[in-house]
Amino acid sequence: MSLDLAIVWALILAFVILAYVVMDGFDLGIGILFPTLEVGPERDRAMNAIAPVWDGNETWLVLGGGALLAAFPLAYSIILPATYPLMIAMLLGLLFRGVAFEFRWRDPLQRKYWDAAFALGSLVAAFSQGITVGTILQGIRVVNGAYAGGWLDWLSPFTVLTGVSVVLGYALLGSTWLIWKTDGAGQVHARRLAMKLAIGTVVAMAAVSVATPYLHYDYWRRWFSMPNVLFTAQVPLLVLVTSAIFVWSLRRGAERLPFLMTLALFVLNFVGLSISVFPYLVPRAVTIWDAAAPASSQRFMLAGVSVIMPVIIAYTGWAYWVFRGKAGTHGYH
Amino acid sequence: MMLDALHLARAQFAFTMSFHFLFPAFSIGLASYLMVLEGLWLKTSNSLYLDLFKYWLKIFAVVFGMGVVSGIVISYQFGTNWSAYSNRAGPIIGPLMAYEVLTAFFLEAGFLGVMLFGMSKVGKGLHFFATCMVALGTLISATWIISVNSWMQTPAGFSVAANGQFVPSGSWWPIIFTASFPYRLAHTVIAAYLTTAFTVGGVGAWHLLEDKTNLQARKMFSMAMWMAALVAPVQILAGDQHGLNTLEHQPVKVLAMEGDFEASPDGAPLVLFGFPSEKDATVHDRIAIPHLGSLILRHDAHAPLPGLTDYRRDRWPPVAVVFWSFRIMVGLGMLMLSLGLWSLLARARKRLYDWRLLHRAAVLMGPAGFAAVIAGWVTTEVGRQPYTVYGQLLTADSLSPLAAPAVGTSLVMFVLVYFTVFGAGAAYIVRMMGRLPTGEELEPPHIPQHAAGITPASAIDLPPAGVS
C-alpha cells in the first residue's frame, strides 16, 4: 500500500514542479529579458503583465520544497545540502527580483538599480534552477543516507549546459508571454526575441538530450533499448512537431499559440527528464520508496491535497482571468 | 565563541528568521486592519475609511513583498543548513508546513493581485472578499507555523522509527494541537495586532504633530489607541498564561527567564534586574522582590520553585540571552499598556488630538511592537536550546553535513543583501508613512492594469473611488 502512496506523491511532486516551471518560468523569463526592453512604457507594461500573478506563481516553488520535505524527507535532506551554493544563489536572486516589483515604483531615481536587480535576480534564479536539474541528473554522492560530497561537486560542463538551457527556455516563455500580453512595438520586439530564443532553446535541449545518455549507461538503456525506444522516441518526435507549430504560429502572427507551444516544449522536456530519472529522486542512490515518509504522513497530506488543490487551481484561474487581456502601462503606483 | 559550522548555521537562522519575522508581524495585523477599513467604508460610505485603506494598502504591498521573499529563504533553509533535522522531523513538520502552503500561501497570493490591482475590475463586494481572503490567509499561515513551532517546543503524538525519524504514532490531532500551541498562537497573533496598532498609532501621531486637524490622521490615531488600550492588557494576560504553560512543560526555560539559578523551597523572588553568570551560577548585582516570582508563576508566594542548578548544566539554554530578551519584551509590554491607558485619559479629557506629549510618546513607541516581537521570539527560541525538538533532538545533531566556509560565506551574503534590500524597503516605507494622508490619495487600485473587459474610453475616464 505504501508503494502506491509513494507513486502518488511522486506524481503530485512532478505536477507541482511542472506547475512552478510553467508559471514562474514566464515571469522569470521577463526578468531575464528586461535589459533588452526599452526604458519607459515597454518595461512598465512588461512588469504589469506579471505583477498581479508573480507571487502566486512563486508559491508553487514553496509548495515544491514543502512537498519534498513532507513526502520524501530523505531526498530533501540530501539534495539541498548537495546544491547548497545554488540554493543560496537562487534564494538571493528571488529576493532581489521579488522586492523589485514594488521598489521600482517607489523612487524614479533609483528605478534603474531595481530594474537591474530584477533582471540579475531572475537570471541567477533561473541559472541556479537549471544547474540543480543537471546536478540531480549527473548524480549526487550519498553515504549512509546523507550527502557525502563537497560544496562544489555540482559544478560540471553538463550542469552549466542545463543551466544555460533553463535560462534560454524561461526567456522564451517570457517573450511569448509578452506577445500574448502586449501589442504595438513591444509585441514586435517580443516576436523577434522569441524566434532567436526558440532556436537557442531547441539547440540547448538537443545538446542536453545527447549528453544525458553518456552520463551513465543506465540512462542509455532507458532510452535506446528495445522496446523502450518505441515509447521514448515519441518524445523527440513530438518536440519536432511542437517546434514546427511554434515557428508557423509565430510567422502567422498568432498571439497565444507561441506561448502554449513553449509550454508544450517544457512539458515534453519534463517527460524526458522523468524517463531518465524515475523511480529515483537522487539517481542511482535514493528511490521514491527509499525516501518516502511514513504512510500516515503521506496519507494525511494526500487528504488535504485532493480537497484543496482543486480549489487553489480554481481561484488561481480566476485571478488570471480577472487580469486577462493586454497589460497597461500604469500600476496603482 | 567557536566559529564552526554549527554556530554559523545558528547565526544564519537567527538572522534570517529575525528579519523575516518583522514582516509577518506587521502584515498579519495590517491585513486585518485593511479588512476593517474597507468593511467600514462599504458599511458607512464614509470616504475617510477609503482614504486610509489606500494609504495603508501601498505600505502593505511593500511589507508583504518583503515577507514573501524572506519567507522563501526560511522554507529552504531547513534543507540547506538543517538537513539532519529535516530528515528526522520531516514526517511530522513537513505535512504541517505543506498544509500552510496549501491553505494559506496560495490563498494570500491568489487574492493579493486582486486586492492590490483589481478594484476597478471586480466590483466592490468581490474586492472586499479578496481583502478578507488575504487577511484570513495571514491568520491561517500563523496558525500552521505556530503549530510547527509548538511541536518543536512541546513535542507530542510521535514515536521514533528505526531510521531515527520522528513519525506520527497515531492521530494527527495531538501533533497539531500540542500543549503549548493555544497559548503560543494567542500570544503571537495578539502581538502582531499590537505591532500594527503601534505602527499605525505612531504614524497618526506624527501627522497630528504636523497638523492636528487632519481627519485621516485623527481617525488612524484614534483607532490605534483603542487597540492599544484594549488589547495590551489582554496580551499581558495571554503572556502570563503562556508563561505558566511554559513552566509546566519547559521549566528550565522559565528558570533562565527568571534568573533562578538556586532552588527556592520557600518561594522564589522576582528578579527585576541583574547580570546572570552561567559560570558562577548566580545573578550578580541582583535587584529582586522576595516571593513575587512564586506569586506570579504559582499564584502562591510560598510555593517552592526549582533552580537551574537542579538540572544538567549542558541542558541549560544561554541564560543571559533569555534573561535579557524576556525583560525587554516585558518592559515594552508595560510601556504599551501605559500608552494605552494614557490615551484613555486623553480621550476622557477630550485631548486625544491635541496632547502633544502623548503624540510624541506614540511616535517614540511606533516601533515598540517590532522590538517586543523579536525579543519574545528570542526568549522562546533561545530558551528551547540546546534542542531543536525539545528534549528529543539536540541542535548539534540537526545540522547539515556542511563545511564552515560554505555556511560562513552564505551568512555574509545574507547579511549584506538583507541590510541593502530590506534597508531600502524600510526607507521606502518610512517615506510613504511620512506623506500626510489626505483626501486625495493618488488613485491607487483603481487605474486598470489591463484593458480587458473595459472599453478604452472608460479606462481613461474612470470615476474616482467612492463615487458609485
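**Notebook: helix packing, a glycine and the chain contact**

I looked up helix H8 (residues 184–215) of chain A and helix H11 (residues 234–252) of chain A, which pack at an angle of about 165° with their axes 11 Å apart. H8(A) is therefore roughly antiparallel to H11(A), a term kept for angles over 145 degrees. I note that axes are lines fitted to C-alpha atoms, for helices over the stretch in contact, and that angles run from 0 to 180 degrees between N-to-C directions. The residues in this contact include A:Arg191 and A:Met195 of H8(A) and A:Phe246 of H11(A), where contact means that C-beta atoms, placed from the backbone, lie within 7 Å.

The model is predicted, with local features needing pLDDT of at least 70 and side-chain atom pairs 80 or more, while totals for chains, interfaces and linings use all residues. Residues are numbered from 1 along each chain as its sequence is written, and chains are lettered from A and ligands numbered from 1 in the order in which they are written.

Next I looked up A:Gly328, which lies in the segment after helix H14 (295–322) of chain A; helices are DSSP runs (H or I, at least four residues), numbered from the N terminus. A:Gly328 counts as buried because it has 21 C-beta neighbours inside 10 Å, the cut-off being 20 or more other C-beta atoms within 10 Å. A:Gly328 and A:Ile308 are 20 residues apart in sequence, yet 33 Å apart in space, C-alpha to C-alpha.

Last, I looked up the contact between the chains, which takes 63 residues from chain A and 64 residues from chain B. On the side of chain B that touches chain A, H3(B) gives the most, with 23 residues.

Key: Contact = placed C-beta atoms within 7 Å. Helix = DSSP H or I, 4+ residues; strand = E, 2+ residues; numbered from the N terminus. Buried ≥ 20, exposed ≤ 12 C-beta atoms within 10 Å, placed from the backbone. Parallel < 35°, antiparallel > 145°, perpendicular 65-115°, else oblique.
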